[in-house]
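Hi there,

Here is the structure I promised to pass on to you. Have a look at it first, and then read on for my notes.

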Amino acid sequence: MTKLHTFFLDQHGCAKNQVDGELLINRLVNKGLTQVFDASEADVIVINSCGFIESAKKESLDAVFSAKSAYPDSKIILAGCLAERYADEFKKELTEADAILGNGDLSKIDDVVDSLREGKRVVIKEKQLGVCCGERNLLLSFNGSAYIKITEGCNNNCSYCAIPLIRGQLRSRRASEIVEEIKDLLSKGIFEFNLVGQDLAAYGTGKDDDVYGEGRSPLNCADGKISPLARLLGDISKITGDFWIRLLYIHPDHFTSDILPVIKADKRILPYFDIPFQTGDNALIKAMNRVGNADEYIKIAKLIRNELPESALRTTFLTGFAGETEAAHENTKEFLKKISFDWSGCFSYSKEDDTVGAKMKNQVPHKIAEKRARELEEIQAVITKERLSRRCGKEYDILIEEIVEGEESGLAIGRAWFQAPEVDGSVVVSYDKDNEEENSAVKKGRLVRVKITSSSSVDLNGEFICDSPLNKNRATSTLLFAEERINENARGQSLGEI
């Protein structure tokens, strides 16, 4: 019997995969293992992988090779999306992994540990059913913030995307379960809740979904009823207390305007919209297996800003998709300028196995795709700088993420409501650390009131005004955050860099 006492988690991928990582941590702790934050101290190294694009897949595989080379006595578990997608191939070819665990049923990590203790190599890939959830007592996010997964899988079948092949078709959690999780985390000191899924607008419309015990809901409220997402937000709005709710990832073809009145009625539900349009060219929109068009997408942005003038809009662009001509790229550039997003991300296309896009003709050379991505990023930098300049002179509550050590004067880094974690800019907060009141107020996970004094193309600078009233009735945090347990500068050791 092999003794396994400690584990190290090497986390990769998106916010949804981060939730999975947090669930794995809790199960491993309940299994009797202690989490460590230095891989050299671990009996078990779990690589929670990403399998979305080629660069992410390479990064996850490199982590496996690095871990086996640097720590040959440790047991290596490859988990996550890459494990789910290529479990059959890795069973024979990836001998560096002592176990492979797909993400269909995360509770199977218990069986993996049992097998490793018995000296057996195991490969587990379960059918994608339901939405994996459960207790999370250590979060991988910044202090005071948490991701809440409300759906799993996706039915959109965009021609460039492998997510349905990895995570399966759309499934949604019961609304009551989501509300109770938010209440529980709120009671444990969490302030910011970021709702995540592949397409939040499709919440409650999966083939087997019954989120309210009333049967499956039609997509986009074709029967005139309120959408499941709007209804869920209404239920969340009934929760007492101060908090932020942010919606991430709404497919533009499923955007439903009935969420706008709910957001307008409750300032705790942030008017932040992350809508991945991917392109502004109609031919490419169709080639990506989407049903809208650029004009309709522009109307969505106008509707949001008409109803919620202070709203923040983020999007994602994909450059170099098969058939993208220079004229199509120009259309996307104009689309970006017309909507004038607060934020946008951009990545160049990579062919994904078994997707429709991978078989399309007129593939675009990678260098051209990267060049086009840089052009969009340059345009966005100018737009973001202008939009951020409008924030100057205004006051905002800032959620503090870290304290900058070693400065004579006090400096902290945080985010305002219009800045999502990890992907948008930050607010650099100046305060007097020799002032007892200010020093005690500026703590990780707390909010402070700040006046914005200047801006750049990414970040804002501001001066401390006072402790935020939003802290007044907040529960004292009883959760652990990885940020409190590991090297502050690195936010964890990266096995790919060993």
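**What I found**

Let me start with glycine 213, which sits in the loop that runs between strand E11 (192-196) and helix H8 (228-237). Helices (H or I, at least four residues) and strands (E, at least two) are DSSP runs, numbered from the N terminus. Glycine 213 is partly exposed, as its relative accessible area is 47%. For that scale, buried means under 20% relative accessible area, exposed means over 50%, and partly exposed is in between (1.4 Å probe, protein chains only). Alanine 373 is 160 residues from glycine 213 along the chain, and their C-alpha atoms are separated by 45 Å.

A word on where the values come from. This is a predicted model, in which local features need pLDDT of at least 70 and side-chain atom pairs count only at pLDDT 80 or more, while totals for chains, interfaces and linings use all residues. Residues are numbered from 1 along each chain as its sequence is written, and side-chain values use heavy atoms, with hydrogens and water left out.

**The whole protein**

The protein has 15 helices and 21 strands. Its C-alpha trace spans about 65 × 65 × 50 Å along the principal axes. The radius of gyration is 23 Å, which agrees with the value near 23 Å that a compact globule of 498 residues would have. That radius is taken over C-alpha atoms, and the globule rule is 2.2 Å times the number of residues to the power 0.38.

Of the 498 residues, 57% count as buried. Among the contacts with a separation of 6 or more, 74% are between residues 24 or more positions apart; a contact means heavy atoms within 4.5 Å. The protein exposes about 21,100 Å², and carbon and sulfur atoms supply 48% of that area. Accessible areas come from the Shrake-Rupley method with a 1.4 Å probe, and for residues only the protein chains shown count as cover.

**Cysteines**

How many disulfides does a search of the whole structure find? The search finds zero, where a disulfide is a pair of cysteine sulfur atoms within 2.5 Å. Cysteine 158 is in no disulfide, and the nearest cysteine sulfur, that of cysteine 161, is 6.2 Å away. Cysteine 158 is buried, with 8% relative accessible area. For cysteine 392, the closest cysteine sulfur is in cysteine 466, at 19 Å, which is too far for a bond. Cysteine 392 counts as partly exposed because its relative accessibility is 28%.

**Phenylalanine 273 and isoleucine 263**

Phenylalanine 273 lies in strand E13 (residues 269-274), and isoleucine 263 is in helix H9 (residues 259-265). Phenylalanine 273 is buried at 1% relative accessible area, and isoleucine 263 is buried at 4%. Leaving aside neighbours within four places in sequence, phenylalanine 273 is in contact with residues including Phe255, Ile259, Ile263, Ile304 and Leu308. With those neighbours again set aside, the contacts of isoleucine 263 include Leu233, Pro271, Phe273 and Leu308.

**Helix H5**

Helix H5 (residues 109-117) is mostly covered, with seven of its nine residues buried. Those buried residues are Ile109, Asp110, Val112, Val113, Ser115, Leu116 and Arg117. They pack against helix H1 (15-30) and against strands E4 (75-80), E5 (99-101) and E6 (122-124). After H5 comes glycine 119, whose phi is positive, near 80 degrees.

**Loops and backbone angles**

Most residues other than glycine have a negative phi. Serine 340, however, has a positive phi near 55 degrees. Serine 340 lies in the loop between helix H12 (326-339) and strand E15 (343-348), and at 16% relative accessibility it counts as buried.

Glutamate 422 also has a positive phi, of about 75 degrees, although it is not a glycine. Is glutamate 422 buried or exposed? At 51% relative accessibility, glutamate 422 counts as exposed.

Glutamate 422 is in the loop between E17 and E18. Serine 426 lies in the loop between strand E17 (410-415) and strand E18 (427-431), and serine 426 is buried, with a relative accessible area of 18%. Not counting residues up to four places away in sequence, serine 426 touches Ile413, Gly414, Gln419, Val458, Asp459 and Leu460.
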